[in-house]
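Subject: A structure for you to explore

Hi there,

Here is the structure I promised to pass on to you. Have a look around it first, and then read my notes below.

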Amino acid sequence: MINYNLHLIEDIYNAEKIPMRDGYGNGILEAAKRDGEVVALVADLTDSLKLEAFKKEYPGRFWEMGIQEQNMMGVAAGMAASGKVPFVNSFACFNPGRNWEQLRVAVCLSRNNVKVIGGHSGFGNGVDGTNQQSFEDLAITRVIPNLVVVAPVDSEQARKATIAIAEYIGPVYMRITKPARPVVTSRITPFEIGKAQVMREGKDITLAACGAMVYEALEAAENLKDRVDVEVINVHTIKPMDVQTLVRSVKKTGRIITAEEHSIIGGLGGAVAEVLGEHMPVPMLRMGMKDRFGESGDPGDLLEKYGLSSEEMEKNILKMLD
Amino acid sequence: MDFPALAEKANEIRETIIKILTNAGTGHPAGALGSADFWTLLYFGGLIKYDAKNPWWEERDRVVLSAGHYCPVLYTVLAEAGFFPKEELMTLRQINSRLQGHPVARCVPGIETSSGPLGQGISQAVGMALAGKMDNKKWKVICFMGDGEQDEGQVWEAYMSASKYKLNNLLIVIDRNNIQIDGHTEDVMPLEPLRDKLQSFGLNVLEIDGHNLEQIEEAFGMAKVNFNKPSVIVLKTIPGKGVDFMENEPSWHGKAPGIGEAVQALNELEEIQTLGGKVIND
């Protein structure tokens, strides 16, 4: 049953599709309006990260850094050390892929208040091919001390998360992506860093997902509703992980599937396995990229080909209940 | 300015460096000894604004140590200047000490950035200088780098951005001592013609004898005069300066002296004449 406390949109299964990056572009504008110290740095991808409006509205706070992801991260750290709230923007495969060590030392070790935005994550860069896609970013950020890791579910949540991470004092990585995907949260759906959301309550199995996989999970749950009572959790914060919500859920259901547009190693599935392994071990299945690279293609087709669809989830749910 | 007194002070700082590295049993003596004259003049010759009792004073000049392995000399001058008790220097590199082998930002009064991974400090210095410009601040940023550090690609990214944004509130100092861990810089990864490279990246370049206090002071003055470019002072120094068996010897880049070597080094330092020291490449 849908959790009405979250004020999701009414007609979930006919949700409007909007790119998550649009929500980010609007969110950073709002954050900049609220806090005069918010600045944006970008590595030659202004339009891709939806920063045109920010650039126009706040030209004195917009810094074009060229194709210099490593320098950009360090410059942001220096700005943060001087009181600014810098948002560092590029594709996730470069940011934090290319500038991980700068993130580790100049930002996280020094506790500099930098917000790292990984765009076009997962299959977001579909046709550009696998080296432009990103299935490792959650793993390589989650492991760094002092860093919060956020993966919003949709465009509206990306907007709210952007405002929330600007207000939070400390380093944050947020992964967003490009393709238009269903928006299930509404303007009044709450968002709190570190607080997972039980979007659909069920008693037979837990489906913990992040990003676009949450919608696939809701669809799978709906399609199986006459046979299985599926609980769907939107784990929008990968770190700190909401252990309490997960444990409470699997205590009830006794089994869990995780789903993410990311490697099954080290991301959401890895994080959930770690905490449940210690607190509440239950049978578990991880859905995601199975230790492999992607390829060129339409993002939607790629999700299907690599087993990240509601149909595949339904099969896995039935298999686990067998 | 009382240069002879400052030269004497630099020598005391060298002695302290030898003592704390010997006590730690590990660390990097060559660069610390070679740049001691510069650091002494920076903190005790009136070149920068700071308040040791209020280390994070908003109007302070930002001193960014990009080459983190030089920290024995920076820790020593900071302690001498009163940022923290001098006795603490003997805890360098030991467990439970805030004086880590490579510095961590703001864990020690006066340490602005975490450094060790080379090339990162200059980017942070660029970020500070940009923030200073955004807020119309009068403070300036001094970024100290090694010459081996120039191997890092990030350094040249940072120079491009410093030049693009005309950061005349940024002063870069490169310790040109010609050594790095694996040997002489021109063997490991040639840097020359360094001046031409720096100039072609849009920097105002000043090359001086890094042991000549008058030249250092003059270079700081000349760097200030340039209104639309970041400046870089290339300090030509002798690594291990003041200790004969360490001078120009790459093996002393990252090795602490033993007790016997330390005694010999301290004896030599008592006799050193810092002013007018010979400089390689000249």
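Let me begin with some backbone details, going through the loops in turn. Please keep in mind that this is a predicted model.

A:Asp291 sits in the loop that runs between strand 14 (284-289) and helix 10 (299-305) of chain A. Its phi is near 55°, which is a positive value in a residue other than glycine. Is A:Asp291 buried or exposed? With 9 other C-beta atoms within 10 Å, A:Asp291 is exposed, because a residue counts as exposed when it has 12 or fewer.

B:Asn96 belongs to the loop between helix 4 (71-81) and helix 5 (120-134) of chain B, and its phi, near 70°, is positive although the residue is not glycine. B:Asn96 is exposed, having 5 other C-beta atoms within 10 Å.

There are cis peptide bonds to look at as well. In chain A, the bond from A:Lys239 to A:Pro240 is cis, with omega near 0°. You will find A:Pro240 in the loop between strand 12 (237-239) and helix 8 (243-253) of chain A. In chain B, B:Glu192 and B:Pro193 are joined by a cis peptide bond, where omega is about 0°. B:Pro193 lies in the loop that links helix 7 (185-188) and helix 8 (194-200) of chain B.

Next, follow helix 5 of chain B.

Now for some helix pairs. In chain B, helix 1 (residues 3-24) and helix 10 (residues 259-271) pack with their axes 10 Å apart, at an angle of about 175°. Angles over 145 degrees count as roughly antiparallel, and therefore helix 1 and helix 10 of chain B are roughly antiparallel to each other. On the helix 1 side, the residues that meet helix 10 of chain B include B:Asn11, B:Arg14 and B:Ile18; among their partners in helix 10 are B:Ala262, B:Leu266 and B:Leu269. By class, this contact has 6 nonpolar, 2 polar and 2 charged residues.

In chain A, the axes of helix 3 and helix 4 cross at roughly 10° and come within 9 Å. Helix 3 and helix 4 of chain A are therefore roughly parallel to each other. Helix 3 of chain A contributes A:Gln70, A:Met73, A:Gly74 and A:Ala77 to the contact, while helix 4 of chain A brings A:Gln102, A:Leu103, A:Ala106 and A:Val107. This contact has 5 nonpolar, 3 polar and no charged residues.

Finally, where do the chains meet? In total, 22 residues of chain A are in contact with 21 residues of chain B. Helix 3 (69-81) and helix 4 (100-109) of chain A each supply at least two residues of the side of chain A that touches chain B. The largest share of that side, 9 residues, comes from helix 3 of chain A. Sorted by class, the side of chain A that touches chain B has 10 nonpolar, 10 polar and 2 charged residues.

Enjoy exploring!

Key
Residues are numbered from 1 along each chain as its sequence is written. Chains are lettered from A and ligands numbered from 1 in the order in which they are written. This is a predicted model: local features need pLDDT of at least 70, side-chain atom pairs count only at pLDDT 80 or more; totals for chains, interfaces and linings use all residues. Helices (H or I, at least four residues) and strands (E, at least two) are DSSP runs, numbered from the N terminus. A residue is buried if 20 or more other C-beta atoms lie within 10 Å of its own, exposed if 12 or fewer, and partly exposed in between; C-beta atoms are placed from the backbone. Two residues are in contact if their C-beta atoms, placed from the backbone, lie within 7 Å. Ala, Val, Leu, Ile, Met, Phe, Trp, Tyr, Cys and Pro count as nonpolar, Asp, Glu, Lys and Arg as charged, and the others, Gly among them, as polar. Axes are lines fitted to C-alpha atoms, for helices over the stretch in contact, and angles run from 0 to 180 degrees between N-to-C directions. Angles under 35 degrees count as roughly parallel, over 145 as roughly antiparallel, 65 to 115 as roughly perpendicular and the rest as oblique.
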